[in-house]
Amino acid sequence: MPYPVVHVLFFLFCVGIVAVYAITGPLYRRELSFSDARKLLLLAFVGGACTLFPDIMVVYNIIINNTMEHCSIGSIPTHSLLFSFTAILFGGLVGYAAFREFSKAVYMAIFAESAFLTHLLLDDIAEGGCEYLYPLYSSPISVFSMMDTGFAAAGSLFHYLMVSIVSVFCVFVVILMALFALDKFGFEFGYRKEK
Ligand SMILES: [Zn+2]
């Protein structure tokens, strides 16, 4: 598994690169207010914390069982879409507590879910798959090994294209969720027409 710090930095600086880019100027010009700084810290906290949720059991197991086991709570795998509801719940509660607006709670939940899912994608790259679809399908699936499917393995051009589109689409959706949420928190991304 990638180290925890890799998960956090990957989400904040690779998926959240547009936010980092957007605040660099105002930060340099000292244009950020206290409430801006508070919001940024809150986003960094929620995003950073939720990238670590899938490995959360390692804390319990190190203390209680003296092992590094971290992939399940009982029979439920933590590297799954099912367990990602913990991130949605956490993001929603923090968002509501901070802004007292249902819509902001929803956007924070989407941001938290995106952070959680980047953890699964990184583990997928490092370890060759996650149990994304538990309990519907209990074996590990690898989004990235699908990308490596050739014409011969796919069997037909249609299947090859479908596999390629699905694998890229999974990564696209995760990044899009983070961008959508950031947009709702004031990072407005838009096309600027050249004059
Ligand atoms: Zn993990």
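Buried residues (20 or more other C-beta atoms within 10 Å of their own, against 12 or fewer for exposed residues and partly exposed in between, with C-beta atoms placed from the backbone) make up 27% of the 195 residues in the chain. The model is a predicted one, in which local features need pLDDT of at least 70 and side-chain atom pairs count only at pLDDT 80 or more, while totals for chains, interfaces and linings use all residues. Numbering runs from 1 along each chain as its sequence is written. The mean pLDDT, the predictor's confidence in each residue from 0 to 100, is 89 for the chain, and 96% of the residues score at least 70. Confidence is highest in helix 5, at 97, and lowest in helix 8 (residues 151-154), at a mean of 67. Where pLDDT is low, the predicted coordinates should not be read in detail.

Turning to the overall fold, the chain holds nine helices and two strands, taken as DSSP runs numbered from the N terminus (H or I, at least four residues, for helices; E, at least two, for strands). Their order along the sequence is α-α-α-α-β-β-α-α-α-α-α. Along the principal axes, the C-alpha atoms fill a box of roughly 55 × 55 × 30 Å. Of the contacts (C-beta atoms, placed from the backbone, within 7 Å) with a separation of 6 or more, 59% join residues 24 or more positions apart.

Beyond its neighbours within four places in sequence, Cys-50 is in contact with Ala-87, Phe-90, Gly-91, Ala-112, Ala-115 and Phe-116.

Helix 5 has 15 residues and reaches 21 Å from its first C-alpha to its last, close to the 21 Å expected (1.5 Å times one less than the number of residues). Its buried residues are Ala-87, Phe-90, Gly-91, Gly-92, Val-94 and Gly-95, and they pack against helix 3 and helix 6. Helix 9 (residues 157-184) has 28 residues and reaches 39 Å, close to the expected 40 Å. In helix 9, Val-174, Met-177, Ala-178, Ala-181 and Leu-182 are buried; these residues pack against helix 1 (4-15), helix 2 (17-28) and helix 6 (102-127).

UniProt, in an unreviewed entry, places the feature "transmembrane region" at residues 6-28, 40-64, 76-98 and 157-182; such annotations may be inferred rather than shown by experiment. Residues 157-182 are 100% helix and 0% strand, with end C-alpha atoms 37 Å apart. For residues 6-28, the span is 96% helix and 0% strand, and the end C-alpha atoms lie 26 Å apart.

Some backbone details also deserve a look. Most residues other than glycine have a negative phi, and most peptide bonds are trans. Arg-30, not a glycine, has a positive phi of about 55° and lies in the loop between helix 2 and helix 3. Arg-30 counts as exposed, with 6 C-beta neighbours inside 10 Å. Arg-100 also has a positive phi of about 55°, in the loop between helix 5 and helix 6, and is exposed, with 9 other C-beta atoms within 10 Å. The peptide bond from Tyr-134 to Pro-135 is cis, with omega near 5°; Pro-135 lies in the loop between helix 6 and helix 7 (143-147).

Terms used: Contact = placed C-beta atoms within 7 Å.
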